[in-house]
Amino acid sequence: METRVNQIKLNGLTFQYRETGEPTSPPIVALHALGTSAESWNPVASVLGENYRVLAIDQRGHGGSARTSNYSFELMCEDLLHFANAMNLERFTLMGHSMGGTVSYLFSETFPTRIERLIVEDTPPPFQGTPIEIPSKPADSLPFDWEVVPSILQQLNEPNPEWWARLTDITMPTLLLGGGSSHIPQHKLEEVSELIPNCEFVTLESAGHFVHDDNLYGFLAAVKSFLDS
């Protein structure tokens with residue numbers, strides 16, 4: 001399944017995205033994890049692209065998208081809104097992993113009528129826990145803007161409590177996928193699944209945090225079953 005790489009201007013910034021599947025197929029927008037890019041969705045998109053139009057965007061500061069002076073979950077949520085509007089996506093399935101999963105929760109809470117179905121991979125919204133130490137910048141060159149890291153970790157350490165409080169506003173069918181051996185506390189995913197009214201929680205025991213890398217077959221089976229239901 002061929003993937004096309006395109007660029008688009010959103011709110012004055014250049015974003016790169018990857019498109020797999022027919023333009024007339026039902027749309028899925030995919031958001032990647034911190035420090036990765038839209039390319040991380042390629043194995044998933046090549047399969048789902050047979051029946052869906054998969055649009056994977058490099059979020060700000062990552063891949064081929066703009067490096068900016070500010071990074072936050074809220075700004076990434078705004079970027080997604082601009083992208084959906086520019087692509088004329090009235091309603092779409094939203095799929096997010098880790099950082100992209102938090103953006104997906106936030107977007108689904110704020111714009112529930114735009115989301116057909118929600119798929120989140122191994123992340124709860126940020127919650128008050130043991131503070132994460134913000135690492136110093138590595139000497140090697142990186143495929144993303146290092147400034148994203150302290151900005152996002154700061155939000156993980158000082159989370160907006162509204163993001164948890166508003167999980168009950170996520171009314172669309174939701175699939176939450178957990179990696180059984182992930183560093184993410186799986187009981188927090190269980191809590192999320194109990195707060196979202198129409199949520200199915202699936203744990204893939206043989207996978208870590210990068211569920212779709214560790215167990216692509218299991219990930220795709222769960223996603224396809226959910227999309228077909």
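**Close-up views of a predicted model**

**View 1. Helix H3 on the strands.** Helix H3 lies across strands E3 (27–31), E5 (92–97), E6 (115–121) and E7 (174–179). H3 runs at about 140° to E5. Angles run from 0 to 180 degrees between N-to-C directions, and axes are lines fitted to C-alpha atoms, for helices over the stretch in contact. Helices (H or I, at least four residues) and strands (E, at least two) are DSSP runs, numbered from the N terminus. This is a predicted model: local features need pLDDT of at least 70, side-chain atom pairs count only at pLDDT 80 or more, and totals for chains, interfaces and linings use all residues. Residues are numbered from 1 along each chain as its sequence is written, and side-chain values use heavy atoms, with hydrogens and water left out.

**View 2. The open sheet.** Eight strands form an open sheet with mixed pairing, in the order E1-E2-E4-E3-E5-E6-E7-E8. Strands E1 (3–10) and E8 (199–204) are the edge strands, and each pairs on one side only. Two strands pair if DSSP finds at least two bridges between them. On average, neighbouring strands of this sheet are turned by 20° against each other, direction ignored. E2 (residues 13–20) and E4 (residues 53–57) pair in the antiparallel sense over 4 bridges. Here Glu 19 stands opposite Leu 55 in E4.

View 3. Val 202 is found in strand E8. Leaving aside neighbours within four places in sequence, Val 202 is in contact (heavy atoms within 4.5 Å) with Leu 175, Leu 176, Leu 177, Gly 178 and Ala 222.

**View 4. Helices H2 and H4.** H2 (residues 73–86) and H4 pack at an angle of about 110°, with their axes 10 Å apart. The two helices, H2 and H4, are therefore roughly perpendicular (65 to 115 degrees). Phe 73, Glu 74 and Met 76 in H2 meet Val 148, Ile 152, Gln 155 and Leu 156 in H4.

**View 5. The largest pocket.** The largest pocket has a volume of about 560 Å³. Of its 24 lining residues, the closest to the centre are Thr 123, Ile 132, Leu 156, His 183 and Ile 184. On a 1 Å grid over the protein atoms alone, a pocket is an open set of points where a 1.4 Å probe fits, with protein on both sides within 12 Å along at least five of seven lines; lining residues have an atom within 4 Å of a point. Grid points are joined across faces, edges and corners, and the volume is the space filled by probe spheres set on the points. H4 gives the largest share of the lining, 4 residues.

Notes:
Angles under 35 degrees count as roughly parallel, over 145 as roughly antiparallel, 65 to 115 as roughly perpendicular and the rest as oblique.
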